[in-house]
Structure formats: structure tokens, C-alpha cells
Amino acid sequence: MAVEAESHGYDASVIIPHYAGSQVFDCIESVLSCPDRPVEVILIDDASIDDTAYEASERFPSIRVARNRSNLGFVGACNRGIAEATTRYVVLLNDDAIVEPGWLAECIDALDSDPELAAVQPKIVQASDPTRFEYAGAAGGLIDRFGYPYALGRWFDNVEIDTGQYDEPRDIFWASGVALVLRRSVALEIGALDTVFIMHMEEIDWCWRAWIAGYRVRNVPTARVRHIGAKTLTADSFRKMYLNHRNSFMMVLKNTGSFALFFVIPVRIGLELITFLGALLTGRLRRAAAAVAGLFGTVGHARHIRRERRRIAMFRRRSDRDVARMMYGGSAALRYLFGRPAPCAPTGLESRKSGGVT
């Protein structure tokens, strides 16, 4: 396990990647108005196309602004923030998120109480309707064996009303990048976010690596964050669909053990072909093209995937079989296609809390 860094008087660094838009003012104000833990706020100005980053520094003189000379993309901006931070804990917070009182104290308390936790996630609800979960993470991220993510409170495109059904803290497979509270020492150990991903699923890939390294990820449903969502790319954007297909397949190839890949790859390719044919037959040509482009995009990064597999093998402390215990063993995509409900989150490692390879 990695060694913790000095806190330098702050409990956490709140990293807010920003490109444009006035919603960042509400985000910063909500963080600064909830002084439940001493934090530094670092706004990463990713070569913004407007003056909002400059205005934010004028409105909130206590924050630190780090300006990128060129646009690095969401993942690049997050990594710049992680590099700038010196605290034990780092929060990656979307600039269109509004935090609620007590959110950070609850998350830090969870991390303080369990050194095996690499990251935690608060409950994420819609800013326009806080009674309903938000698509990007909801009450905690889950995944199937073939790399299709879903969440407690969000079953593919369907989101649930929050009635307290997920208010019991539990281990999850991934924590949402909307409000990801991570242990900085783990990021130093396993690496920051994968910049090849650009955006979408980069946090899932990171959490997968954390599981491999012997850590765990957990939700903190007593903490809440409201999120606007779908600001950078709309749901019907070809680029968004392409990145989702490509990044999902890439993280499977990066993180799945060699033996399991012989089973996982053919099934995953088959599921992509089903998506392609289904979209083609229903006239959703953009979706069909994105599925095919995602496969070719994955192949185009074969060298990067091989390099990452070798690097991940160097810090592996948990077997592929043990990591798979935290996944749904079947196909979530087929389950959803046939109208079946979301499977419950696996709990195979919660009782064991073992970092050893079996």
C-alpha cells in the first residue's frame, strides 16, 4: 500500500476542471459555503473559451486557478489537478455539480475509517429534481463482466426516484467522476486517469485498477451532490457514443486477466455486433456507426493497451477471479434488452476485505 501524503493544513483538494460556462460559480460557492472540512479549491482552467475562470478568481479570491496553455480535455485537466494537489484526499468535482452540507465530511470520515478504501462516492441526484437519481453515478457504480456499466438507481437509460432504497453504505465497483473522492496516495501508486480515454468511463477504469491493486471502492449515501449533467456532449452526440463504446472495450482489455480474456473478448465483440445490427435495423445510423468506430478505435490503441497491461501487472495484488466477484457475471446489456430488472450488486469481497491474491 502507498504512503499517505502530508495534508498541509487541508483535509482535501477539490479539483474543478473547467472549460466554459457560468455554472462553475454556483459549484464553487456551494463548496466554499460548506466548510465542514478545511479544503483548498483548485480550478483547472482548460484553455477556456470565455472569461469565467478569470471571473471566478475575482469572485472567490481564496481559490487557486491553474491555467492550461492548451485544451487537455476533461481527463487531462483532472490529472493536472491531481498533480497540483498535496493533500491526502483529492476530490474530482464537475463544474456543474452543487454539493450539499456535510458532503465532504461524510466522505472523508469513510476514508479515514478504512485504509483499504481507494475512493468513495456521495449519492448523486438531479439538480432539476433532487428526488430522482442522476444518470452519471446515481448511488454508486456497478459493472458486468463484459464492461457494461450501470449503477444503483440507474439501469442503463432508466433512473429511479430516490426513496432511500440505497441508503445503506456498501462496496461498489466504481465511483462517479461527478464527485469522486479519492486517496491521493493510491493515484500515485496506480497512476492517475488514463488520458487516452479523453472523457467518459475514465473513472471506471481507475477504480478497476484500484480493485486490482487490493483496494476497495464504496458509496457514502449520507452525502449528497446535485448534478446538472450532459453539459459537454449530449446523449445523441456521435463523439459521446463513440467514446463510450471505445473506452468501455479498452478498459476490459486493459484490466481483465489473460485467461478470462479468451472468454470475454468474443462475447464482447458479439454484443457490439448486436448493438450495431439493432441500431441499423431501427434506423439509428449514428449509433450503428459509433459501435463500429468504437471497435476500430480500440484496435488503434492496441500498443497502449499492451503497455498498460504490463504496468498493471506490476501492482496487481488481487486475482482476476476476486475482482470478478464484484461484477455481475452475466451480460447486463442482454438483461436490459430483454426487459429484466437490474441485478443486485455483488458483495463477494465486502465480507473478506482481502487484498491478497488467491
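Predicted model: local features only at pLDDT ≥ 70, side-chain atom pairs only at ≥ 80, totals over all residues.
Residues are numbered from 1 along each chain as its sequence is written, and side-chain values use heavy atoms, with hydrogens and water left out.

Helices (H or I, at least four residues) and strands (E, at least two) are DSSP runs, numbered from the N terminus. Strands count as paired if DSSP finds at least two bridges between them. Strand 6 pairs with strand 13 (residues 216-227) in the parallel sense over nine bridges, and Val120 stands opposite Arg218 in strand 13. With strand 12 (residues 179-183), strand 6 runs antiparallel and is joined by two bridges; here Ala119 stands opposite Leu182.

Next come the aromatic rings, which form nine pairs in the structure. Rings of Phe, Tyr and Trp (its six-membered ring) pair if their centres lie within 6.5 Å; planes under 30 degrees apart count as stacked, over 60 as edge-to-face and the rest as tilted. Tyr150 and Trp155 make an edge-to-face pair, at 5.1 Å centre to centre with 80° between the planes, and both residues are buried. Another edge-to-face pair joins Phe173 and Trp208, at 5.6 Å and 80°. This pair links distant parts of the chain, 35 residues apart: Phe173 is in the loop between strand 11 (171-172) and strand 12, and Trp208 is in helix 6 (residues 202-212). Phe173 is buried, with a relative accessible area of 0%.

Finally, helix 10 (residues 302-315) has 14 residues and reaches 21 Å from its first C-alpha to its last. That is close to the 20 Å expected at 1.5 Å a residue, where the expected span is 1.5 Å times one less than the number of residues. Its buried residues are His304, Ile305, Glu308, Ile312 and Phe315. Seen down the helix axis, they fall within an arc of 95°, so they line one face of helix 10; the arc is that of the directions from the axis to the C-beta atoms. The face turned away from this buried side carries the exposed residues Arg303, Arg310, Ala313 and Met314.

Conventions:
Buried < 20%, exposed > 50% of the residue type's maximum accessible area, 1.4 Å probe, protein only.
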